[in-house]
Amino acid sequence: MADGSPARRAAAADARPSAAPALRTGPGRVLIAVYVIFTIAAGSRSTVQITDRFEQAPLAFSLSAAAAVIYLVATVSLVLAGRTSRRVAVVCLGTELAGVLAVGTVSLLWPGLFPEPTVWSHFGTGYLGIPVVLPVLGLLWLRRTRPGARED
Amino acid sequence: MIGWYTTALITASLLVAGWSGIQWARGRAMGWSDLGALTVLEVALLAQLVVSVVLTIAGEGPAEPATFWSYLVTLLFFPPAAGWWGLMERSKWGPAVIVAVTLVMSVMVVRLGQVWEGVGG
């Protein structure tokens, strides 16, 4: 991404008329808005946790930071919406879904490992369950808007 | 004590969400009414900022100052950001952006009240 070519390709792809709805318009715009909010929420929460009291729950707080990074990369790749960033988005959202399911399960079975809540603890119920729904909706939207997809 | 005012802010956020939700259901793109509602919300948040600053100077500040101020300042950016992002979308999904953002705002204002009082997680 350092040479900026994915972004240029994205711009070129946007200039061409496409049968598939573009990734960042329509429902995609709501998706991106929620991803931006979660990037801010997870980022600021993990920054506070790590700078304030990292030693109290190193595993939970490291996962908090990992979640924040994934939300950030997912948001940026959804906004760029190019061919490469689309692949990055699929990987990010897949990781996000796996992460929320894994952390959710572990936090229920071994609560001692997570003395402090993270975005993904208990499947994100502390955040109205949005963390578990968001990657599913995102992956469905990525599939719906993939180049060459037929419009319904 | 800012309890009644945060309740008013939560109600206001939910009303804006409801209004834009109606526009979304009717298939309308974002219009002046959505922008007006967001402006009212922004002014209400600025009033919250002024009240909080005055109370803090008077020695009755928030129980968790760092969290309270970061929440409040973040909240101030939400209505303009939602308006800008929603205006770029000339379809019913513009108002849908406002619904999503104002619903999140109502939850954040609940937390804002909690960190002022020093209760809750």
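Me: How do you know that residues of chain B are in contact with residues of chain A?
Reply: Contact means heavy atoms within 4.5 Å, and 12 residues of chain B meet that with 11 residues of chain A. Keep in mind that this is a predicted model, where local features need pLDDT of at least 70, side-chain atom pairs count only at pLDDT 80 or more, and totals for chains, interfaces and linings use all residues. Residues are numbered from 1 along each chain as its sequence is written, chains are lettered from A, and side-chain values use heavy atoms, leaving out hydrogens and water.

Me: What makes up the area buried between chain B and chain A?
Reply: Buried area is the accessible area (1.4 Å probe) that two parts lose on being put together, summed over both. Here that comes to about 1000 Å², with carbon and sulfur atoms giving 80%. On the chain B side, B:Trp85, B:Glu89 and B:Trp93 lose the most, together 48% of what that side buries.

Me: Why is the pairing of B:Glu89 and A:Arg29 called a salt bridge?
Reply: The term asks for a side-chain nitrogen of Lys or Arg within 4 Å of a carboxyl oxygen of Asp or Glu. B:Glu89 and A:Arg29 have N to O at 2.5 Å, so the pair qualifies. The count between the two chains is 1 salt bridge.

Me: Which element gives the most to the side of chain B that touches chain A?
Reply: Helices here are DSSP runs (H or I, at least four residues), numbered from the N terminus. Both α3 (65–87) and α4 (93–117) of chain B give two or more residues, and α4(B) gives the most, with 7.
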